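The tour moves from one selection to the next, and each stop says what to look for.

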Amino acid sequence: MTNFDIKICGLRTPEAVLRAVDLGASHIGFIFFGKSPRNIEPADAGELAEPVRGRAKIVAVTVNAENDDLDEIVALLRPDILQLHGGESPERVLTIKAVYGLPVMKAFSVREAADLEKIDAYVGIADRFLFDAKPPVGSDLPGGNGVSFDWTLMHALDDNVDYMLSGGLNKDNVGEAIAVTRAPGIDVSSGVESAPGVKDIGRMEEFFAAVRRATGPAAAVGSRM
C-alpha cells in the first residue's frame with residue numbers, strides 16, 4: 001500500500017488506535033462533535049494518540065468549531081491535521097490555517113456533480129479534500145452515516161486534486177471504490193464498527209486486507225500518488 005493513505009476515523013479506545021496503526025493506517029481521526037456517537041474529549045484523544053505519535057498522522061475532526069474549541073483541541077491533542085467537516089468558508093479556512101499553523105483537510109458532501117464545483121473556491125487554500133456522501137434525510141451527522149455516493153463523479157476531478165474518499169466504505173466495496181475512483185486515499189469509520197462508535201478489530205483487519213488486495217502489486221489499478 002505504498003503511497004496510499006488509509007484513515008481510520010472516530011477512534012475512541014487504545015486497542016482500536018494501536019491496531020489501526022499496526023495494520024497500516026496512515027491517519028487516525030478523532031471526532032469533536034457532540035452529536036456524534038464517536039465524539040471524544042480533547043484530553044482523552046490526546047492520551048490515545050500519544051503512543052502512536054509519529055507513526056500515523058493525527059487528525060482532529062471538527063464541525064464549524066469556534067476558536068475557543070480549536071484552542072483546546074490543538075493544545076491537548078497536538079494534531080498534525082485539522083479536518084473541517086462543516087460549512088467553513090474559504091476565509092474561515094485561511095484564518096484557521098493562519099492561527100494554528102496546521103494543514104487543513106476540507107470535507108465536502110457529495111450527491112451530484114454540482115456538489116464538486118464547490119471545491120473551486122478552496123483550491124489553493126485547503127491542503128487536501130475529503131469527499132463524503134450527503135447525509136440521509138433526518139441525520140444530524142455530516143459524516144459517519146454509512147452511506148456512499150456515485151463514485152464515477154470523481155472522474156470529473158482534475159488529477160491534481162488531492163483527496164480522500166469517504167462515505168459508506170467497508171470490506172465488501174472498498175476494492176471497487178478504489179478501482180473506480182483511483183483515489184489517493186480513503187477514510188473509513190462506520191464500516192469497521194460493530195455498533196455506532198464501537199470499532200471492531202476483526203472488521204478493521206478485514207478492511208485492511210481488502211485494501212491490500214485492491215492496491216497491491218497484483219491490483220489492476222493503483223493510486224495516483
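The stops below visit pairs of helices, then single helices, and then a few residues in loops.

Before selecting anything, note that this is a predicted model, in which local features need pLDDT of at least 70 and side-chain atom pairs count only at pLDDT 80 or more, while totals for chains, interfaces and linings use all residues. Residues are numbered from 1 along each chain as its sequence is written, and side-chain values use heavy atoms, with hydrogens and water left out.

**Helices α1 and α7**

Select residues 14-23, which form helix α1, together with residues 201-215, which form helix α7; helices here are DSSP runs (H or I, at least four residues) and strands are E runs of at least two, both numbered from the N terminus. Their axes come within 10 Å and cross at roughly 15°, where an axis is a line fitted to C-alpha atoms, for helices over the stretch in contact, and angles run from 0 to 180 degrees between N-to-C directions. The two helices α1 and α7 are therefore roughly parallel to each other, a term used for angles under 35 degrees. Now show the side chains of Glu15, Ala16, Arg19, Ala20 and Leu23 in α1 and of Ile201, Met204, Glu205, Phe208 and Arg212 in α7, which make the contact (heavy atoms within 4.5 Å).

**Helices α2 and α3**

On the α2 side, look for Pro42, Ala43, Ala45, Gly46 and Ala49, which meet Glu72, Ile73, Leu76 and Leu77 in α3.

**The two sides of α3**

Keep α3 selected and ask which of its residues are buried, a word that means under 20% relative accessible area, with exposed meaning over 50% and partly exposed in between (1.4 Å probe, protein chains only). They are Leu70, Ile73, Val74 and Leu77. These residues cover an arc of only 95° around the axis, which puts them on the same side of α3; the arc is that of the directions from the helix axis to the C-beta atoms. Their packing partners are β2 (27-32), α2, β3 (57-62), β4 (81-84) and α4 (90-100). Turn the view to the face of α3 that points away from its buried side, and you will find the exposed residues Asp68 and Ala75.

In α6, select the buried residues Val174, Ala177, Ile178 and Thr181. Seen down the axis of α6, these buried residues fall within an arc of 95°, so they line one face of the helix, and they pack against β7 (163-165), β8 and α7. Continue into the loop between α6 and β8, where Arg182 has its place. Phi of Arg182 is positive, near 55°, in a residue other than glycine. Most residues other than glycine have a negative phi. Arg182 counts as partly exposed, at 40% relative accessibility.

Pro184 belongs to the loop between α6 (174-181) and β8 (185-188), but Pro184 is buried, with a relative accessible area of 2%.

Finish at Asn64, in the loop between β3 and α3, which has a positive phi of about 50° although it is not a glycine.

Terms used: Angles under 35 degrees count as roughly parallel, over 145 as roughly antiparallel, 65 to 115 as roughly perpendicular and the rest as oblique.
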